[in-house]
Amino acid sequence: MTLPRHEHHDAGERVTVPAHLSMAGAWRVAAELIRRHPEELYALELHPATGQYNCVSIFSRISDEHRNHPALMHFNHAGRGHITGKSWQGGDDLRFNWLDVLLAADFRDEIITPLERAEGLSSPSQTPPTTRQSVGARVVAEALLGQALSNAPLVAANGVYDSSGMGGSYVCDFYFKQFGTMIEQIAGRPDADLNGHPAYRFWFVRKADRKVHGNAELGIDTWNGKVWSRTLDGADLMQLYDAAGRNVRLLTARLLAG
């Protein structure tokens, strides 16, 4: 039996969801939003309030000025975290917690559509086909969700550790250097990138029990749909997706298997 939303929401305000589960939930939401708005949205890792929060944050690619992308939502997966949109103010009853996400009976209707509505995003009548701008986020989400209940869960880390001041921010070049020529991808500083640095485009999937400088399983360019692994060096994710019958679960399993 599925609990009514208000019941698991109230419970979620008191329950601390394990970090790898809340991060998997954050990526489930992020990937679905990016899948539905591939030309508009992308995900970053932020640590607002001088590092007190651990967020998968949704930013808009569309801005009046280069390098100044507006933030739309922050998915705080630390402690008793929440999904917070830029326009949401008020008490806990106005924002989703991770139990809401994990126990949603209709994920799109209960979670995704309200987020879109709150932030002025149109809700597509049909989910758009997966593109180069959305396939990477879908792979990250599937990797984390697929291993969430295993003995070896996975987490995701961005190419930039943006601390919001505490301890300093830096490019995670130790991840890039693990994969062939991947480090070369961040040599330029295109105007289109946040703060003028392309490392923000990249995400890495790694074991949850690894230290920050530990080995990554995958490196993904989420803007251009490319992937790095022990056997792949900047492979085209869309070609691999097509070869997997456009099945993201099968694609992700093949990537993690090496």
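Let's start inside the protein: E1 gives the largest share of the lining of the largest cavity, three residues. Helices (H or I, at least four residues) and strands (E, at least two) are DSSP runs, numbered from the N terminus. This is a predicted model, in which local features need pLDDT of at least 70 and side-chain atom pairs count only at pLDDT 80 or more, while totals for chains, interfaces and linings use all residues. Residues are numbered from 1 along each chain as its sequence is written, and side-chain values use heavy atoms, with hydrogens and water left out.

Back to the cavity. Rolling a probe the size of a water molecule over the atoms shows where empty space is left. Here the search runs on a 1 Å grid over the protein atoms alone: a cavity is a set of points where a 1.4 Å probe fits but cannot get out, a pocket is an open set with protein on both sides within 12 Å along at least five of seven lines, and lining residues have an atom within 4 Å of a point. Grid points are joined across faces, edges and corners, and a volume is the space filled by probe spheres set on the points. By this rule there are two cavities of 30 Å³ or more. The largest cavity has a volume of about 50 Å³, and Trp27, Ile34, Leu41, Tyr42, Ala43, Arg61, Gln133, Ala137, Thr222 and Trp223 line it. The elements that give two or more residues to this lining are H2, strand E1 (41-46) and helix H6 (132-147).

Strand E1 leads us on to a sheet. Five strands in the order E1-E2-E3-E4-E5 make an open sheet with antiparallel pairing; two strands count as paired if DSSP finds at least two bridges between them. E1 and strand E5 (96-97) stand at the edges with a single partner strand each, so one side of each is left without a neighbour in the sheet. E1 and E2 are joined in the antiparallel sense over six bridges, and Glu45 stands opposite Val56 in E2.

Follow this sheet to the loop between strand E3 (71-76) and strand E4 (82-85), where His77 lies. His77 has a relative accessible area of 9% and is buried (buried means under 20% relative accessible area, exposed over 50%, partly exposed in between, with a 1.4 Å probe and protein chains only). Leaving aside neighbours within four places in sequence, His77 is in contact (heavy atoms within 4.5 Å) with residues including Ser22, Met23, Val56 and Trp98. Ser22 belongs to helix H2 (residues 19-36) and is buried at 0% relative accessibility.

Another five strands form an open, antiparallel sheet in the order E6-E9-E10-E11-E12. E6 and strand E12 (233-236) are its edges, each with a single partner strand, so one side of each is left without a neighbour in the sheet. Direction ignored, neighbouring strands of this sheet are turned by 25 degrees against each other on average (axes are lines fitted to C-alpha atoms, for helices over the stretch in contact, and angles run from 0 to 180 degrees between N-to-C directions).

E6 pairs with strand E9 (residues 202-207) over five bridges in the antiparallel sense, and Asn158 has Trp203 as its bridge partner in E9. Further along, three bridges join strand E10 (residues 216-221) to strand E11 (residues 226-228), with Trp228 in E11 as the bridge partner of Gly219.

Finally, look at the largest pocket, which holds about 360 Å³ of space. Of its 25 lining residues, Met23, Glu45, His47, Ala156 and Arg206 are the closest to its centre. Among the elements that give two or more residues to this lining are H2, E6 and E9.
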